[in-house]
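Here is a friendly tour for anyone meeting this structure for the first time. Please take a look at the picture, then read on.

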Amino acid sequence: MRSWLFTLILAVAGAALFALSRFIQNDYFFFAGYVVLQYIVLSTAWNILGGYCGYVNFGTAALFAIGAYTTVALHKLLVTSRIYPMSMPELIVIGGAVSAVVGLGIGYLTLRLRGAFFSIATLALAVVIQTIITNWDYVGGSRGAYVIRPPSAPLVGSYIQYLFLVMLVLAVISVAVARLIERSRLGYGFATIRDDEIAAEASGVPTLRLKLIATTLSGALMGMAGAPLPYYVGYLDPASGFNLAYAVNSIAMPVIGGTTTWIGPLIGAVLLGTLQQWVTVTISSAVSLLIVGLLLVGFVIVAPNGLVGLVRPLFVRGKG
Amino acid sequence: MASSIAVEGVHAAYGAVRVLEDVSLTINAGETVVLLGTNGNGKSTLIKCIMGMVRPSAGSVTVTIDGTRHDLVGRSTEEIVDLGIALVPEGRRLFPKLTVEENLLLGAFRRTARARIKQNLEFCFEAFPRLLERRHQLAGSLSGGEQQMLALGRALMLAPRILLIDEPSVGLAPILVSRTIDKIQELKTSYSLTVLMAEQNFTQAIRIADRGYVIVHGRIAFEGRSAAELNNNDLIRKFYLGL
């Protein structure tokens, strides 16, 4: 399928989903749906570096929180100066840009490392960034910051529905980008890095440059996913913004879905995200994290290539 | 069609461990030069120095392609590949989860190589009919010999002027080693390549060599200026075979 056609179908599907959800009167649906959509963006973003290139990043929470804290900082700046209230799309673009720059920086510092060393370095950098934010008084430091959500939004009315729509658009964009990459020369370049970096270099693949592109793109999408967060939660502190659950979930979801295709993180995020929301309500939020752990262990043993890897042999024959 | 390599006084180290000391060698246009030596003597490191994967701490590596001299030290690997120097890495290093055809096409990742990608793919399948049969199979599922063919084919997709081959015999049955060596000779003639091959298998390697060097503990211990000199030399037996 052509990329533009795929993107069109995806956009139509997104629009249909939103149109249908308008019939739901319960606000909770939008709160829960927002989280699931946010995980679609995060796991797709993680997968660009982790799945396509094979570099397991534990720093998702940091890039996500940078997007969120960019919004907090801008919000505060604009409220105190009373010049110009920024709209959500603007905040998302700026949050994404800041995270992209940080992602590029993290990549530059860590991408000479491979395997577990790279993962540890990203985890460490996430802690460094969290420490910086915790000590930055302007955005609330460790006390956290309140962000008052506007009572209503343009076009859709209810603000939570607006946030849901925004995250839906981001999910459509990130999945479309992931698929575009997968089918392009860039995607093949990423696959060579994942399979064998030395061979990639010997074939003339500019590995460092491709890896930097991957971290930048991945970081940008994570930051964009984080930018609306302060308006969603209303109160943001470092412990929640940098919550390890973001990092763990955005690894678990692609692994459960399948890391080599765009659909893997999508399936994983929808399944695991929905399950977590359901368990959080019916049992407790602590149990929902336990489930992630158990599923992750189960999948690594039973289906190391995720659900996609489990189903694919039924469709593709003669390929190995 | 003149493509030659000159390595002069190269020193290289991994951290504090010195691997190459004052290595100089030349590969003239159209020659097949073998680099002989047992494990851990620096053959692969020397090849990595030429490819820009290891940066020499001293010395120079230059190539001359069509009368233009290029200094390779300090250049990135992809730039070196762009000049028309292809590497068949040790242990073949295929992309196991991609198909045979995808592996070959990725060999032409560089823009300069993509211009003639279709034609080069046909040449590859002509040279290795086995790969054509298996073009949609995953590279990881090929036999060792087929994988070596694919690794050679992938390097040829660049339409290189100079081919560096690192230990083509690793992990292959003796009959396949001898076939691989024959194939390298055949490709060299039909593509008019300049070849540098690092190899442990002395008797196989010198069958196709015009000249050769024996490298021992990171130094060139012996230079054989002709195939005959390599073949009948007691020094080689002493250095290399320990007899």
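Predicted model: local features only at pLDDT ≥ 70, side-chain atom pairs only at ≥ 80, totals over all residues.

**Spaces in the structure**

Let us begin with the largest pocket, whose volume is about 1400 Å³. Its lining is made up of 40 residues, and those closest to the pocket centre are R194(A), T260(A), T261(A), R312(A) and K97(B). Five helices of chain A each supply at least two lining residues: helix 2 (27-52), helix 7 (185-195), helix 12 (244-257), helix 13 (263-282) and helix 15 (306-315). The most is given by helix 15 of chain A, with six residues. Sorted by class, this pocket lining holds 21 nonpolar, 12 polar and seven charged residues.

How many cavities of 30 Å³ or more does the structure hold? There are two.

Two or more lining residues come from each of helix 3 (60-81), helix 4 (88-110), helix 5 (115-134) and helix 9 (207-226) of chain A. Among the elements, helix 5 of chain A gives the most to this lining, with four residues.

The second largest cavity has residues of both chains in its lining: A202(A), S203(A), A86(B), L87(B), G107(B), R154(B), A155(B) and L158(B). Strand 6 (85-88) and helix 7 (144-156) of chain B each supply at least two of the residues in this lining.

**Nonpolar cores**

Now for the cores. The largest nonpolar core has 95 residues, and Y69(A), M88(A), L163(A) and F190(A) touch the most other members. Helix 6 (residues 159-182) of chain A provides the largest share of this core, 15 residues. Apart from this core lies another one, of 77 residues, among them I27(B), M51(B), M157(B) and V195(B).

Which residues does L163(A) touch, not counting residues up to four places away in sequence? They are Y34(A), M88(A), P228(A), Y231(A) and Y232(A).

**A closer look at chain B**

Chain B is divided into domain 1 (3-84 + 161-241) and domain 2 (94-159). Where the two domains of chain B are in contact, 15 residues come from domain 1 and 15 residues from domain 2. Taken over C-alpha atoms, the centres of these domains are separated by 23 Å.

Why is helix 1 (residues 43-51) of chain B said to be largely enclosed by the rest of the structure? Eight of its nine residues are buried, so this helix is largely enclosed. The buried residues of helix 1 of chain B are K43(B), S44(B), T45(B), L46(B), I47(B), C49(B), I50(B) and M51(B). After helix 1 of chain B comes G52(B), with a positive phi near 75 degrees.

Is E126(B) buried or exposed? E126(B) counts as exposed, because its relative accessibility is 62%, and exposed means over 50%. This residue lies in helix 5 (residues 117-127) of chain B. E126(B) and V81(B) are 45 residues apart along the chain, and their C-alpha atoms are separated by 23 Å.

Note on methods
Residues numbered from 1 in each chain as written. Chains lettered and ligands numbered in written order. Heavy atoms only, no water. 1 Å grid on protein atoms, 1.4 Å probe; cavity = no way out; pocket = protein on both sides within 12 Å on 5 of 7 lines; lining within 4 Å. Points joined across faces, edges and corners; volume = space filled by probe spheres on them. Nonpolar A, V, L, I, M, F, W, Y, C, P; charged D, E, K, R; others polar. Core = buried A, V, L, I, M, F, W, Y, C linked by side-chain atoms within 4.5 Å. Buried < 20%, exposed > 50% of the residue type's maximum accessible area, 1.4 Å probe, protein only. Contact = heavy atoms within 4.5 Å. Domains from an automatic or database assignment.
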